[in-house]
Amino acid sequence: MDSALAVHRLHFAFTITYHYLFPQLTMGLALLIVILKTLALQTANDRYNQAARFWVKIFAINFAMGVVTGIPMEFQFGTNWARFSKDAGGVIGQTLAMEGVYSFFLESTFLGLFVFGEKRLSPRLHWVSAFLVFVGSWLSGFFIIATDAWMQHPVGYKLGANNQFVLDSFSDLILNPWTLWQYLHNMIAAVVTGSFVMASIGAFYLLTGRFIEHARIFVRIGVIAGTVAMILMLFPTGDGQGRMVADHQPVTLAAMEGLFDTGAGAPIALVGQPDTDNLKLDNPIMVPKALSFLTYRRWEAEVKGLKDFPRDQWPDNIPLLYYSYHVMVGLGTLLILLSVLCTWSLWRGRIYQNRALLWALMLALPFPYIATTAGWMTAELGRQPWLIYGVMRTSQGFSSRVSAGNGLFTLIGFMGLYLALGILFLFLVHREIDHGPAREAACDQGGAQ
């Protein structure tokens, strides 16, 4: 950790990983709250309104934490990555500014209307406010993904004075083919997180015998939405994202799969340990020819291994990239199996009494977060050693005048502050879960009287 570059990378990795724990739930819950409000309009069952009010409180807490942890991350473009910001700001500044101006303000404005305006708005207008919160949330995600996608697959730019990047085509930037698959994959992953959180809290209430009717709604909506989202995560979005990597970052694909040797009919490694010193995968369990088929739709297609690429183009940390990818895929597979099993039990009308499945749902709550974090680690580790893939190396973009000591000092400060924020977040969420939807029902009864 005496390298300033290593400290800056760790600093940004910590802040962005911690920050993204919150937006992924807000983006997922935004869609689920719209579903609850739609069911309230269609059925005239006020329990759906009460459920929506309960979940918007969880949404608001996460939204506030996302803002608090996101603002320092934006400043890090200047404090930790000044050379990157100077050279690429003419491109990424467009999408980051749009995220702030259009998405953040749209989302926050209509969140206020949704939370405080229910008694002043008609049911349909209140639904509209929920829908616009959803639109703002997902627009915010789009502009952030468009920024990252440009770093993964730079398009629509030209080099100006002093080799700085100048935006040449805004439409190319927004319609970057990498953006489409990365955005869909990421947003559906957010729905998976929101669905499992909703189903987990519902399962907790059923297991403890509290708020039974609302808990059934949470489990039903969470299981159905989660199952649909998990299938879409696998295909077409996961497949589409994987093929983008194969076409534009083949060395990344080889590192993700622990593939050292080029060959036709390349296998997929279910498990194994990459040995970069001896250029082999230790103790592998393989599925023959599966990688060739999934990548190129031909069983005998040739897939390049790491040995066919110059060593200075290899990702910096192949073992961590390999394990991150396999954690994401492994947890995703387990979550798909759990979702399908729960959907089957729900269809048969048995899930509410099946304590084993309810326990599984409740305990599954952290795993979408882990899988999503592993997925983002796969994307960002796979891009290394490039900050802008194929154009600017990571070593060329950091703030060279900020020493390793200064960076480490602020990193420790951030860790302490974020620990305090995390404790506050858990306290607030625990309080809302403990109160449950009963407070919303009591408010409705008091208003009716």
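For the class counts below, Ala, Val, Leu, Ile, Met, Phe, Trp, Tyr, Cys and Pro are nonpolar, Asp, Glu, Lys and Arg are charged, and the others, Gly among them, are polar. The model is predicted.

**Cavities**

The structure holds 2 cavities of 30 Å³ or more. Helix 8 has the largest share, 4 residues. By class, the lining of the second largest cavity divides into 4 nonpolar, 4 polar and no charged residues.

The largest cavity has a volume of about 60 Å³. A30, I33, V34, V56, F59, L111, F114, A130 and V133 line the largest cavity. Helix 2 (23-43) supplies the largest share of that lining, 3 residues. The class count for the largest cavity is 9 nonpolar, no polar and no charged.

**Aromatic rings**

The count of aromatic pairs is 29. For Y20 and W376, the ring centres lie 6.1 Å apart and the planes meet at 70°, so this pair is edge-to-face. Y20 belongs to helix 1 (residues 4-20) and W376 to helix 13 (residues 367-383), 356 residues apart. Y20 is buried at 16% relative accessible area, while W376 is partly exposed at 22%. One aromatic cluster is formed by F14, Y18, F22, F414, Y418 and F425.

| Charged residue | Ring | Distance from ring centre |
|---|---|---|
| R83 | F398 | 5.2 Å |
| R393 | W386 | 4.4 Å |

Technical notes
Residues are numbered from 1 along each chain as its sequence is written. This is a predicted model: local features need pLDDT of at least 70, side-chain atom pairs count only at pLDDT 80 or more; totals for chains, interfaces and linings use all residues. Side-chain values use heavy atoms; hydrogens and water are left out. Rings of Phe, Tyr and Trp (its six-membered ring) pair if their centres lie within 6.5 Å; planes under 30 degrees apart count as stacked, over 60 as edge-to-face and the rest as tilted. Helices (H or I, at least four residues) and strands (E, at least two) are DSSP runs, numbered from the N terminus. Buried means under 20% relative accessible area, exposed over 50%, partly exposed in between (1.4 Å probe, protein chains only). A charge sits over a ring if NZ of Lys or CZ of Arg is within 6 Å of the ring centre and within 35 degrees of the ring normal. On a 1 Å grid over the protein atoms alone, a cavity is a set of points where a 1.4 Å probe fits but cannot get out, and a pocket is an open set with protein on both sides within 12 Å along at least five of seven lines; lining residues have an atom within 4 Å of a point. Grid points are joined across faces, edges and corners, and a volume is the space filled by probe spheres set on the points.
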